[in-house]
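Reader: I would like to go through the terms used for this model one by one. Please set each value against its cut-off before you conclude anything.

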Amino acid sequence: MIDTSDLKDREYIRAIEGVDEVLDPELVKRGKVLISYSDCAECHKPDMRAKGPAFQDIAKRYPTSQVYINLLARKVISGGTGSWGSPVMAAHPKLTMDDATAMVSYILSLED
Ligand code: HEC
């Protein structure tokens with residue numbers, strides 16, 4: 001028997017190969033606080049899919065590197081769809097790139 005739930009998980013997460021960089025613990029802490037004051041929890045849970053993907057699933061997909069952190073910080077600011085299915089993430093145009101970077105660093109720190 002093929003375990004289809006495991007296969008589905010892998011097709012959903014689509015982990016990208018890459019080398020993880022060490023995150024600045026202060027940045028990660030700041031990101032956690034910023035997230036708690038923002039609207040992220042309306043659509044994201046740490047460990048369960050909601051309207052948006054679980055933060056842990058995002059951490060499983062993306063290597064913890066500056067390239068992906070920048071990419072994801074831009075996406076949090078601009079919003080968008082298509083990476084995890086059809087739901088749309090609202091834009092956060094008032095967020096600075098610095099704050100979005102801290103938030104994404106926190107999310108990617110949740111891998112394990
Ligand atoms: C209105 C619901 C909603 C809110 C509010 C929201 N998100 Fe999202 N988020 C989503 C959805 C839906 C996706 C999946 C988008 C896709 O498939 O491209 C997503 C995806 C993401 C991703 C992964 C993007 C990718 O391309 O893989 C990150 C990182 C993220 N959100 C962070 C945040 C942060 C940080 C906040 C708070 C500032 C936030 N989100 C607020 C719905 C939301």
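Reader: What makes K60 count as partly exposed?

Author: Buried means under 20% relative accessible area and exposed means over 50%, with partly exposed in between (1.4 Å probe, protein chains only). K60 has a relative accessible area of 39%, so K60 is partly exposed. As to the source, this is a predicted model, in which local features need pLDDT of at least 70 and side-chain atom pairs count only at pLDDT 80 or more, while totals for chains, interfaces and linings use all residues. Residues are numbered from 1 along each chain as its sequence is written, and side-chain values use heavy atoms, with hydrogens and water left out.

Reader: Why is the pair of D57 and K60 called a salt bridge?

Author: The term asks for a side-chain nitrogen of Lys or Arg within 4 Å of a carboxyl oxygen of Asp or Glu, and the side chains of D57 and K60 meet at 3.9 Å, N to O. The two residues are three apart in helix α3 (residues 55-61), and therefore separated by about one helical turn; helices here are DSSP runs (H or I, at least four residues), numbered from the N terminus. With a relative accessible area of 14%, D57 is buried.

Reader: Which other salt bridges are there, and how many does the search find?

Author: A search of the whole structure finds three salt bridges. E26 pairs with K29, where the closest N and O atoms are 3.5 Å apart, and both residues lie in helix α2 (residues 25-36), three residues apart. E26, at 52% relative accessibility, counts as exposed, and K29, with a relative accessible area of 52%, is exposed as well. D99 forms a salt bridge with R30, with the closest N and O atoms 2.9 Å apart. This pair links distant parts of the chain, since D99 lies in helix α5 (residues 97-108) and R30 in helix α2, 69 residues apart.

Reader: What makes the arrangement around the iron atom of the ligand octahedral?

Author: Donors are N, O and S atoms within 2.8 Å of the metal (3.2 Å for Na, K and Ca), and water is not among the atoms, so sites may look incomplete. The protein donors of the iron atom are H44 (NE2) and M89 (SD), which lie 2.0 to 2.2 Å from it. Six donors count as octahedral if opposite donors are over 155 degrees apart and all others between 65 and 115. The six donor atoms here subtend angles of 87 to 180°, and the arrangement is therefore octahedral. H44 lies in the loop between α2 and α3 and M89 in the loop between α4 (66-78) and α5, so the pair ties together parts that are 45 residues apart in sequence.

Reader: Is H44 buried or exposed, and what is H44 in contact with?

Author: H44 is buried, because its relative accessible area is 14%. Leaving aside neighbours within four places in sequence, H44 is in contact (heavy atoms within 4.5 Å) with G52, P53, F55, I58 and M89. The backbone oxygen of P53 lies 2.8 Å from a polar atom of the H44 side chain.

Reader: How many disulfides does the structure hold?

Author: A disulfide is a pair of cysteine sulfur atoms within 2.5 Å, and the structure holds zero disulfides.

Conventions:
Four donors count as tetrahedral if all angles lie between 85 and 135 degrees; four count as square planar and six as octahedral if opposite donors are over 155 degrees apart and all others between 65 and 115; anything else is irregular. A polar contact is a pair of N or O atoms within 3.5 Å; within protein, one must be able to donate a hydrogen and the other to accept it, and residues adjacent in sequence count only if both atoms are side-chain atoms.
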